[in-house]
Amino acid sequence: MRTVLIITVSISLIIVSSIYSTDYPNIILRICNILGYGRTIPKVEKTIRIGVLGAANIAGLALIWPSKYIPTVEITTIAARSKQRAQAYAEQKGIPRVLDNYDDLINDPDIDAIYNPLPNSHHYEWTIKAIKAGKHVLCEKPFTSNAEEAESIAQAIKEQNTKGGANSPNQRFPGDVVVIEAMHWRMHPLALRIKEIINCGALGRILYTTTSMIVPYMPKDDIRFDFSLSGGAMMDVGAYAVSTSRWVSEQVDDPDYMEPEVLSATADMMPESDNIDTGMQAVLKYPNGVISNIKCSLWGGLKISPSISIVGDKGSLYVYNFVFPSAYHYLTVRDVNQTEYTEKVYGHGGPTFRYQLDAFSKVVRGEIKDWKSVGMPTIQDSITNMKVIDMIYQKSGLGKRARRKF
Ligand SMILES: NC(=O)C1=CN([C@@H]2O[C@H](COP(=O)(O)OP(=O)(O)OC[C@H]3O[C@@H](n4cnc5c(N)ncnc54)[C@H](OP(=O)(O)O)[C@@H]3O)[C@@H](O)[C@H]2O)C=CC1
Ligand SMILES: O=C1OC[C@@H](O)[C@H](O)[C@H]1O
């Protein structure tokens, strides 16, 4: 039901946005790309065999459909808490193997990498278990429930790498384990173009940034509003807003470690809850002086706004829809004389998730060594993102999300 809703909303968005789009011929390609339709790309012989933890709503859009375009990966296996549910999902999505439970999946000798789209509270447990089982991991955002858990994952990666890294029995891609947080928007060429504009000095020294990730509505019973599952808008859409704020505010040597001070944070509360936010506004101050506004909401109504605004001493930049740019987006740069130009950066037309999976595959295969060159977050980057989310929660009075025991 939810998949149908996601598809309907995506198609409607694309159709509506195409009315305003001047690059009409690409729209068909872009719809097909999002839904995984089009010519079937033959797979290489030695694919990365990916196992999926849970029959998650997001797995179609973020993994299974994009995998159809990438010759080096195959979604071979799934396990869910209920085998019957996993079987139904596998049949619907064309996944050939179903295992009995999550433990069997991460210990399966014929899987090279694990996709972890479980609720936020379960990212830590199952990512750690997969690392210890010698698998590579693509873990959904936010990386963990809090920074402490993210640091434990970094430690587990180090320990596993001293014990042989990706060394599960039939592992096709041995070497250090590759673990990334699925911060997909950063691996799309639009994100890299934003960085290029900042780095070439067109905006001068960055002074202020505003990053906004506001979506219309999530039902009250969604996992995103369950505190025991590490819910809250700041954890969900807020993780993007923080990551984007850090991405555009850095301009320092080692941005992965750059922690801002949280000047203020105000939560919009879920009625009758004392720990679940439906939205959050925060003001951050980075060590390099940049002041950054963060806005996020899961109940934004008509104020939908996945946007970035950057003000520098030589110019400004505005991006609409950094997060799902293949549907529709624009980027406008304005200099101090108010001269402006607008760009669109669709790349091959595929969604952020296709870029992400391609980058993950290339890192696992050893074809990319410099993760940052493709926008891929390092583990330190994900730790810092969680630190900032923790700090915002603490400043708002809600407190950070609890560490999971297992
Ligand atoms: N990258 C992106 O654009 C997006 C990322 N996400 C992230 O992906 C993750 C999953 O989101 P989404 O697919 O919407 O989630 P779902 O509601 O589909 O839940 C995902 C899986 O979690 C398990 N699960 C659900 N409820 C519980 C529970 N109460 N206790 C334990 N396990 C439970 C289920 O596994 P099983 O099938 O085994 O029962 C379910 O299939 C989140 O972390 C979210 O932030 C989500 C949307 C977009
Ligand atoms: O990752 C996500 O992206 C889009 C949002 O609507 C969703 O809540 C979130 O999980």
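Predicted model: local features only at pLDDT ≥ 70, side-chain atom pairs only at ≥ 80, totals over all residues.

Visitor: Which helix is Val364 found in?

Guide: Val364 belongs to helix H10, which covers residues 352-364.

Visitor: And which residues is Val364 in contact with, leaving aside its neighbours within four places in sequence?

Guide: Those are Ile48, Ala113, His136, Phe173 and Val178. For contrast, take Asp313: 51 residues separate Asp313 and Val364 along the chain, and their C-alpha atoms are 40 Å apart.

Visitor: OK, zooming out. How many helices and strands are there?

Guide: The chain has 11 helices and 14 strands. With a radius of gyration of 20 Å, close to the 22 Å from the globule rule for 406 residues, the chain is as compact as a globular protein of that length. Its C-alpha atoms fill a box of roughly 60 × 50 × 45 Å along the principal axes.

Visitor: What percentage of the 406 residues is buried?

Guide: Buried residues make up 50%. As for contacts with a separation of 6 or more, 70% of them join residues 24 or more positions apart.

Visitor: Switching to domains. What does the assignment give?

Guide: Domain 1 is 40-182 and domain 2 is 185-396. Their centres, taken over C-alpha atoms, are separated by 25 Å.

Visitor: How many residues does each domain put into the contact?

Guide: Domain 1 gives 35 residues and domain 2 gives 30. On the domain 1 side, helix H3 (58-67), strand E5 (136-139), helix H7 (147-162) and strand E6 (179-181) each supply at least two residues.

Visitor: Which of those supplies the largest share?

Guide: That's H7, with 6 residues. By type, the domain 1 side divides into 23 nonpolar, 9 polar and 3 charged residues.

Visitor: What about the largest nonpolar core, how many residues has it got?

Guide: It has 112 residues, and those with the most contacts inside it are Leu53, Ile78, Val179, Cys296, Ile389 and Ile392. Helix H11 (residues 379-396) contributes the largest share of this core, 8 residues. Domain 1 and domain 2 each provide at least three residues of this core. In general, nonpolar side chains in soluble globular proteins tend to be buried together.

Visitor: Take Cys296 from that list. What does it touch?

Guide: Not counting residues up to four places away in sequence, Cys296 touches Met213, Ile214, Ala233, Met234, Val237, Gly238, Ala241, Gly279 and Met280.

Visitor: Last topic: which residues does UniProt list for the Gfo/Idh/MocA-like oxidoreductase N-terminal domain?

Guide: UniProt, in an unreviewed entry, lists residues 48-162 for it. That span is 45% helix and 20% strand, with its end C-alpha atoms 22 Å apart. The unreviewed UniProt entry also annotates residues 193-317 as "domain: GFO/IDH/MocA-like oxidoreductase".

Visitor: And what's the helix and strand content of residues 193-317?

Guide: Residues 193-317 are 16% helix and 36% strand, and the end C-alpha atoms lie 11 Å apart.

How values were computed
Residues numbered from 1 in each chain as written. Chains lettered and ligands numbered in written order. Helix = DSSP H or I, 4+ residues; strand = E, 2+ residues; numbered from the N terminus. Contact = placed C-beta atoms within 7 Å. UniProt positions renumbered as here; feature names shortened; annotations may be inferred. Core = buried A, V, L, I, M, F, W, Y, C linked by C-beta atoms within 7 Å. Buried ≥ 20, exposed ≤ 12 C-beta atoms within 10 Å, placed from the backbone. Domains from an automatic or database assignment. Rg over C-alpha atoms; globule rule 2.2 N^0.38 Å. Nonpolar A, V, L, I, M, F, W, Y, C, P; charged D, E, K, R; others polar.
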